[in-house]
Amino acid sequence: MKCDLAVVGAGPGGSMAAKTAAQAGLEVVLIEKRQEIGDPVRCAEGVSKRGLSDMVKPEPRWISAEVRGARIYAPDGTSIVMSEDKSGTEVGYVLERKIFDRALAMEAARAGARVMVKTRALGLLRKNGTLKGLQAMCMGESLQIEAPLIIGADGVESKVGRWAGIDTALKLKDIESCAQFLLQDNSIDDQYCEFFLGNSIAPAGYVWAFPKGENLANVGLGILGSRSRPGEAVRLLKEFVKTRYPEGKVVEMVVGGDPCSGPIESTTADGVMLVGDAARQTDALTGGGILNAMQAGIIAGDVAAKALAAGDVSRTGLREYETRWRETLGRHIARSFEFKEFFIKLTDDELNQLIGSLRNEDVSNMDLRAMLKVLFRLNPKLRWELRHLVI
Amino acid sequence: MLAINRYKCCYCGACVGVCPATALELVETWLEMSGDCTECGLCTRICPVGALEVKA
């Protein structure tokens, strides 16, 4: 099989890359190792309304819930509320990824990409040192996909980058170990996404409760890998649920690893671009990765078309991808990483103090960034430790 | 030797992401291990459900 571009992984990043490249006239093959796109989910499913709408037209069938804002709980139980309506905050929609991911893959297909499920990349094909495509396996049969250019959107367990010589292995301090229950409970607040902070409930991470409608919520947590022990994420989640939702019924279980490394050194090699979780493009503070992956996918798809037209798919020819994603989402990720590095060091007392400092401030119309600015103003220690950051 | 409890594994791939030896591969619901495993144990610590264990 021959094509201009092979995309590995049909998550939001891969599908947007495939769609963009196909729209630009490339012959695109989008492969997905799973037999079902979008399932099993490994995600809390929250996205900003504005961020999503900038890239695709939101469709009711893949939106589980629309929220009014976010409520953040300090370890001592006090809370602050941030509103969604004024400015696009981190959460606004809670998606149904099983439907959303398929819809994006279908958009790629409609744009002309060939989608192949149960097709797994096994390695890169090279001839005289030059990248020639992918060795794959489709339904147990060997398959060679000849392509001068490959986009690796193969998620947290990405191999494409490693095969191309990019070291994407995550250190334990650069990945959160996450567990989540889809929980049915009458006490679930379906108007707000809730965040719970505290070193005993989620060391160097947080607990989230994102409403899914009809008294359902994605209740989950992430803990930093370097503070995790085998099975700790699920154990802590069970504990939290027992305390907060004693009557809660678990109707689905989701686990996963969420990169929080900040921007990695390189996301390109000769003939290869990495996108989304594979490129570790998740927001290190919130853990959100859907929109970043989509944005990077669009850039990669666009650069793919340009590079092929220019006849240069070497790392130098793909430089525009590095530049564009780093100047846009890369900046946010880098800043979030600095914040994360600061926040994970805080004791519960310090977290209480920080949230408490907002008690007399009106943060109700703020997004995360605006709230961080207020925190900066009110907290000299934060200001000092992160003095090199411009927010 | 790395033992994989397949009754526990929720095949999320976090272990694959941290493996410094590229010894793990997730094939849908099946976690594969190659001979390159150095038994460093990083994967056991990141596993959200505790499905991995380095056994003597």
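**View 1. A salt bridge between chain A and chain B.** A salt bridge is here a side-chain nitrogen of Lys or Arg within 4 Å of a carboxyl oxygen of Asp or Glu. In this predicted model, the side chains of Lys159(A) and Glu25(B) form such a pair, with 2.7 Å from N to O. The rule finds three salt bridges across the interface of chain B and chain A. The elements of chain B that each give two or more residues to the side touching chain A are helix 1 (14–18), strand 2 (24–27) and helix 2 (42–46), where helices (H or I, at least four residues) and strands (E, at least two) are DSSP runs numbered from the N terminus.

**View 2. The interface of chain B and chain A.** Taking contact as heavy atoms within 4.5 Å, 24 residues of chain B and 35 residues of chain A take part. The size of an interface is often given as the accessible area lost when the parts come together. Buried area, the accessible area (1.4 Å probe) that two parts lose on being put together, summed over both, is about 2,200 Å² between chain B and chain A, and carbon and sulfur atoms give 57% of this area. Glu28(B), Arg45(B) and Pro48(B) supply 29% of the area that chain B buries against chain A, more than any other three residues.

**View 3. An open sheet in chain A.** Six strands of chain A form an open sheet with mixed pairing, in the order 8-2-1-12-19-18, where two strands pair if DSSP finds at least two bridges between them. Strand 8 (114–116) and strand 18 (268–269) of chain A are the edge strands, each pairing on one side only. Within the sheet, strand 1 (residues 5–8) and strand 12 (residues 149–152) of chain A pair in the parallel sense over four bridges, and Ile150(A) in strand 12 is the bridge partner of Ala6(A).

View 4. Cys37(B) lies in the loop between strand 3 (30–33) and helix 2 of chain B. This residue is partly exposed, with a relative accessible area of 26%, since buried means under 20%, exposed over 50% and partly exposed in between (1.4 Å probe, protein chains only). Leaving aside residues up to four places away in sequence, Cys37(B) touches Leu2(B) and Ala23(B). Cys37(B) and Thr22(B) are 15 residues apart in sequence and 7.9 Å apart in space, C-alpha to C-alpha.

**Notes to all views.** Residues are numbered from 1 along each chain as its sequence is written, and chains are lettered from A and ligands numbered from 1 in the order in which they are written. In this predicted model local features need pLDDT of at least 70 and side-chain atom pairs count only at pLDDT 80 or more, while totals for chains, interfaces and linings use all residues; side-chain values use heavy atoms, with hydrogens and water left out.
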